[in-house]
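Please open the structure in a viewer and keep the selection panel at hand. The stops below are to be taken in order.

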Amino acid sequence: MNIHVADGDIGNRTLAIVGELKSLEGPLLPILHAIQAEFGYVPQESLAVIARELNLSRAEVHGVVTFYHDYRDHPTGRHVLKLCRAEACQSMGGDEIAERIKTLLGIDFHQTTLDGAVTLEPIFCLGLCACAPAAMLDGELHGRLDTASVAELVAEARR
Amino acid sequence: MSLIHEIDYGTPASTAETMVTLTIDGRDISVPSGTSIMRASMEAGIQVPKLCATDMVDAFGSCRLCLVEIEGRNGTPASCTTPVAPGMVVHTQTGRLKDIRRGVMELYISDHPLDCLTCAANGDCELQDMAGAVGLRDVRYGYEGDNHVRARNNGDINAKWMPKDESNPYFTYDPAKCIVCSRCVRACEEVQGTFALTIEGRGFGSRVSPGMHEHFIESECVSCGACVQACPTATLTEKSVIEIGQPEHSLVTTCAYCGVGCSFKAEMRGEELVRMVPWKDGKANRGHSCVKGRFAYGYSMHKDRILNPMIREKISDPWREVTWEEAYAHVASEFRRLQYQYGRDAVGGITSSRCTNEETYLVQKLVRAGFGNNNVDTCARVCHSPTGYGLGQAFGTSAGTQDFDSVEHSDVVVVIGANPTDGHPVFGSRLKKRLRQGAKLIVIDPRRTDLVKSPHVEAAYHLALKPGTNVAMMTALAHVIVTEGLADEQFIRERCDWSEFEDWAGFVAEERHSPEAVETLTGVPAHLVRGAARLFATGGNGAIYYGLGVTEHSQGSTTVMAIANLAMVTGNIGRPGVGVNPLRGQNNVQGSCDMGSFPHELPGYRHVADDATREIFEKMWGVTLSSEPGLRINNMLDAAVDGTFKGLYIQGEDILQSDPDTRHVAAGLAAMECVVVQDLFLNETANYAHVFLPGSTFLEKDGTFTNAERRINRVRKVMTPKNGYADWEVTQNLAQAMGLAWNYAHPSEIMDEIAATTPSFALVSYDYLDRMGSVQWPCNEKTPQGSPIMHIDGFVRGKGKFIRTEYVATDERTGARFPLLLTTGRILSQYNVGAQTRRTDNVVWHEEDRLEVHPHDAELRGIRDGDWVRLASRSGDTTLRALITDRVAPGVVYTTFHHPTTQANVITTDFSDWATNCPEYKVTAVQISPSNGPSEWQVEYDEQARRSRRIAGKLEAAE
């Protein structure tokens, strides 16, 4: 997922994305999603370009980006593993699962493994409470986690 | 005297006309529908606790303190976001509400420093007030938890804590004290329209962020002060309050910067000015301000101020400090000698648009009654004299037709040759507010100003014409309206002279005035001109605002007439939301013109040749007045060079820096035998003066200023003049020394004389102004309340006059030697020649004038951003540093003129408006080339200025 790009390029590619989505009603969130999809995160350099093109202030764009946890301001590992930390999952052994995953990966939440393979993030409710505890790997949901399936999940992520 | 307390109603007033009656805490209250319960309560004197609401911005409903109970409704709705309804029964204080409020306050205070005693807001803190109002006694949650208050929690670094931002020179931002009510964010958006602030993050992590988590100074912030005013705590605080403490009394006065004429409360501690806070009842600014009026008053206490009168025999001598009596006696005897030796017309005076109406009136009275000639002129000569002439011809009055509130009713706004967000920022904000509500904007300007495109504002049309082609453009717009049948025939038949209209319509309809034909002159694509004309003619209420980009041209007066034509042909005169609105440059340009500062006009724009008018003044003043118009500034200078004009009394104007063709001005001044300068500082003109009379600031005198909407605002004395005398007293003393029996004890007596002699001011008096707040002239028997909008039922002159506007290209043309066109303008933080703003911290934003050059022109000449460039015209040359930007079109360069070393007027030529001699500042053919540093003239000039500022017995200030 993570692709490193030269700075000057970010501006141009942001401009292209904004140009494509600008005509939507309420284009800011779709643009930010597209940028995150493109770069793996929302580069700071993109924000001024978005502000200029949408005729918003830099402050406004900054306010929106920082409001949503999902928009990252730095690159992630190749894979992103999101572990649900909401009430239902916690009550179904989520804490234990979390500790297990941290140990397997050797990192804490919000960190990326040294080999750049996996970033671990907490998330508050995947809406999969019926299958708690739940996680999401690169956008794909995994439910009813246990020690064994967690190991499998981590192994898949580390690839 | 005490602090003027302004009631905060919590939410803006409703403009609805239907009234709604409800009961609040047992009291029946009637308010316009759409009013919030909070506002209705406050109008009845019931204060509902609140933190996030203030009446400058819309309700937000975030603080949860203003909750009320409404009979028959569930829950506890917020009173700020809940509108009143007929028959509603509201309770603002119940046991349940008290518990909720106290609980909310506990949460706020659990994350707030408890340093009230040493806090700058102590005595002016709404959080403190509310803690008292809800009866907060203890905080169950303690203070040890997660917080934004302390840099370290038990030794560990607190990531949530942010240090104080002191980057702005005038206020500080202390995030530790922030309660995230977002009043500042909303004030920046709704009132100022800059959108420089936001709330970053979410939940407990929410913080106010300038720009993208930047320092204030690096963000988009324009330092208008709206956020500081809105802040209920010490989070955003004026540095002056931190330094001095809370003020103890205040007076309402009027800002002395631009022609918007904002009302401010000067908040004082003794004779020390603590801060200037915009007054909500000020009808020009409605509680808003800009960086200049709000913060840039430090010049009044600056060490450069000259406080003692000075004399010298020759301008090469050092100054010698003398007593006031000696100075007056010297001026009186010199002026008498010059008149005896060279004739009565050898002396004259210049009034100031920076001084009060009363002071201006006295200077012209001194010239007419004391000198016995009409050699009086004013700096309006170099800015809005074409407005006076053009609008006088078309409508019959030399002034704008609307009040500033009118913009709230406009649907299409045309801005020509003006840059309100920099030059008239408070009006700029009011305009932007209307644009955000959906009004359309047409900008006619060679440069891409902020109004053309800035957050949430975008002009429907930007006609980026070549400097000097205004008339061609305006006539082309009229051509489209007339030939496409968009004229408002009914209005024209009723209000205007039909045969003159037919003549004019025939003229503009000629093919040579079509947008296609003038495209070669203006450089603006014809379809844009057609689009803009159609929009203006059919888009609803159309208002035209213009500035010096219209007047300071060889065809300035013609353009003003063309603007008047455009307003009349579309029927846009005589009601709210329309009209012709000159944006006046200086605080009292309107007033100085009204007061008879022109050589051919007595107060009230009455010609000196008019016997009846002269008789009024002759009777009042007990002298015989000359019926011959006197000399204009440029004529005085010409006559001086010719040796027939020898003495000049200049009050508060720096003609050497502000008038065109600096070398000619210098030669004229140098040829005079007695130049008297009355000013705060040794300005550039004083380098050529023989007598210097120290001036006083607007804080040091009583008087009135008349702003661009003809509004007469009171200026109130808040401190003793540092130089000992207000300017009107100095003029009076000088007059007395010349043998005139003047005896005004107070400026109010001068105003009474103005009212007695000038019909448009007939009812104006200080008592009346105190009662009304302010009033827009004409204010007489017919319109005792003043006249916010003029020409309502018909034009002052009778029938509106359409005048042919033939485009004549200026003689100032580009050619092989001078291929570029230079135009000039202002920047937000600086003001005109900068005598004041350069002596404040505003220099942080603009420490030097830069020459804006299009990248294409720069590349051709090998000029990079920041390089020194030589700027040369037929008149002279100067150097300044380049700023490469595409705001200017290729072929056009632009600079500001706030710094004397720039010497922009060495470049400008002596071409001027055909009718009024207003100089053609806005077009000069120039060439630019890379340079190593200051030009020879700049070096010579600096040396001359340094030498002429020496004061005997005082060490030269080390620089």
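Select helix H5 (residues 87-105) of chain A: this helix lies across strands E1 (79-84) and E2 of chain A and runs at about 150 degrees to E1(A). Helices (H or I, at least four residues) and strands (E, at least two) are DSSP runs numbered from the N terminus. Axes are lines fitted to C-alpha atoms, for helices over the stretch in contact, with angles from 0 to 180 degrees between N-to-C directions. The model is predicted: local features need pLDDT of at least 70 and side-chain atom pairs count only at pLDDT 80 or more, whereas totals for chains, interfaces and linings use all residues. Residues are numbered from 1 along each chain as its sequence is written, and chains are lettered from A and ligands numbered from 1 in the order in which they are written.

Next, select helix H6 (residues 147-158) of chain A, which packs on the sheet and touches E1, E2, E3 and E4 of chain A. Contact requires C-beta atoms, placed from the backbone, within 7 Å. The direction of H6(A) makes about 25 degrees with that of E3(A).

Now display the sheet itself. In chain A, 4 strands form an open sheet in the order E2-E1-E3-E4, with mixed pairing; strands pair if DSSP finds at least two bridges between them. Strands E2 (118-123) and E4 (140-142) of chain A are the edges, each pairing on one side only. Zoom in on E3 (residues 135-137) of chain A, which pairs with E4(A) in the antiparallel sense over 3 bridges. Here Leu137(A) stands opposite Glu140(A).

Finally, move to the contact between the chains, with 19 residues from chain B and 11 residues from chain A. On the chain B side, E8(B) gives the most, with 4 residues.

Notes:
Two residues are in contact if their C-beta atoms, placed from the backbone, lie within 7 Å.
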